[in-house]
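Dear colleague,

A summary of the findings follows it, and I would be grateful if you read the two side by side.

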Amino acid sequence: MTLDSPLLSFLTVLLLLSAVGVITLRNPVHASLSFLLSLLSLAGIYLELSASFISMMQVLVYAGAILVIFMFVVVLFQDAYQQIDISKANSRAVFLIPTAAIFLVAMLAYGWEFVHLPMLHIELPTNFGSIEGLARTLYIDFFFPFEIVILIFLISLVGALYIGKKEEL
Amino acid sequence: MDLLFFASTALFAIGICGILTGRNALIFFLSIEMMLNAANLLFVLFARHWGNYTGQMWVFFVLVVAAAEAAVGLAIVINLFRSRQRVDVDQFNRLRE
């Protein structure tokens, strides 16, 4: 299986750069916008991997819903960030070492696995990743997990409402 | 394909790095979302590699769980900020007011 288009390389570089931006930019609004860029480049990668419905969901759910909640919270907390900027972060650069270790171990494990991964030459159907095939799998093979996920979502919404409401005296 | 494995691992490592080195509670959430995205990327990659929909199905579930986690987590952060006027996680060191 060959996946070597220049577009894919470009999107991957964009993804990693914006991901680094999320954790290095000090201003939370800039970090959120950098996160948005990484989400959009990930959606482009999904399109290249013939997962069009997942790509659409990525844009709608992540960029449309989750990031908007983030921006609301950031706007709510504007003065708190100024306090953080004043109280100059003690740099915890020590933790870069375990991060690098995790990365190396993961890369070694991947390399070990994929030396033995058989190269398949499956003919993908032309509409692979479309909403029709995905829905067929969702409602036939994954019906019970689907119901459970609905329940989780409902419970989390009720919990968020309960946690977030002001205490009434 | 190797490039995307590298990207997924690097994305996960960047997320861990953000959690370990950061102090801002909101950046923590962004880092967690980035780690979930790294897992999603591998799922989509393998769905294409094996030619079936199971991987993409799990991406769907991960998306829903991520949305639920953001809702609950941000509600907790709002409450913490309301009681402490801080979002710096190093200062949340008491369980009780």
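**The interface between chain B and chain A**

No salt bridges are found by the rule across the interface of chain B and chain A. Please bear in mind that this is a predicted model.

Polar contacts between chain B and chain A number three residue pairs, both residues of each being at pLDDT 80 or more. On the side of chain B that touches chain A, the elements giving two or more residues are α1 (2-21), α2 (25-50) and α3 (54-84) of chain B. The largest contribution to that side comes from α3(B), with 23 residues. By residue class, the side of chain B that touches chain A comprises 47 nonpolar, 16 polar and seven charged residues.

As to extent, 70 residues of chain B are in contact with 81 residues of chain A. The two chains bury about 7,000 Å² between them, and 79% of this lies on carbon and sulfur atoms. Leu30(B), Arg48(B) and Tyr53(B) supply 11% of the area that chain B buries against chain A, more than any other three residues.

**Chain B itself**

Chain B has three helices and zero strands, in the order α-α-α along the sequence. It has 97 residues, of which 63% count as buried. Chain B exposes about 3,600 Å², with 66% supplied by carbon and sulfur atoms. Where contacts in chain B link residues at least 6 apart in sequence, 51% of them join residues at least 24 apart.

Yours sincerely

Terms used
Residues numbered from 1 in each chain as written. Chains lettered and ligands numbered in written order. Predicted model: local features only at pLDDT ≥ 70, side-chain atom pairs only at ≥ 80, totals over all residues. Heavy atoms only, no water. Contact = heavy atoms within 4.5 Å. Buried area = accessible area lost by both parts, 1.4 Å probe. Salt bridge = Lys/Arg side-chain N within 4 Å of Asp/Glu carboxyl O. Polar contact = N/O pair within 3.5 Å; in protein donor to acceptor, adjacent residues only side chain to side chain. Helix = DSSP H or I, 4+ residues; strand = E, 2+ residues; numbered from the N terminus. Nonpolar A, V, L, I, M, F, W, Y, C, P; charged D, E, K, R; others polar. Buried < 20%, exposed > 50% of the residue type's maximum accessible area, 1.4 Å probe, protein only. Areas by Shrake-Rupley, 256 points an atom, 1.4 Å probe, with all protein chains shown as cover.
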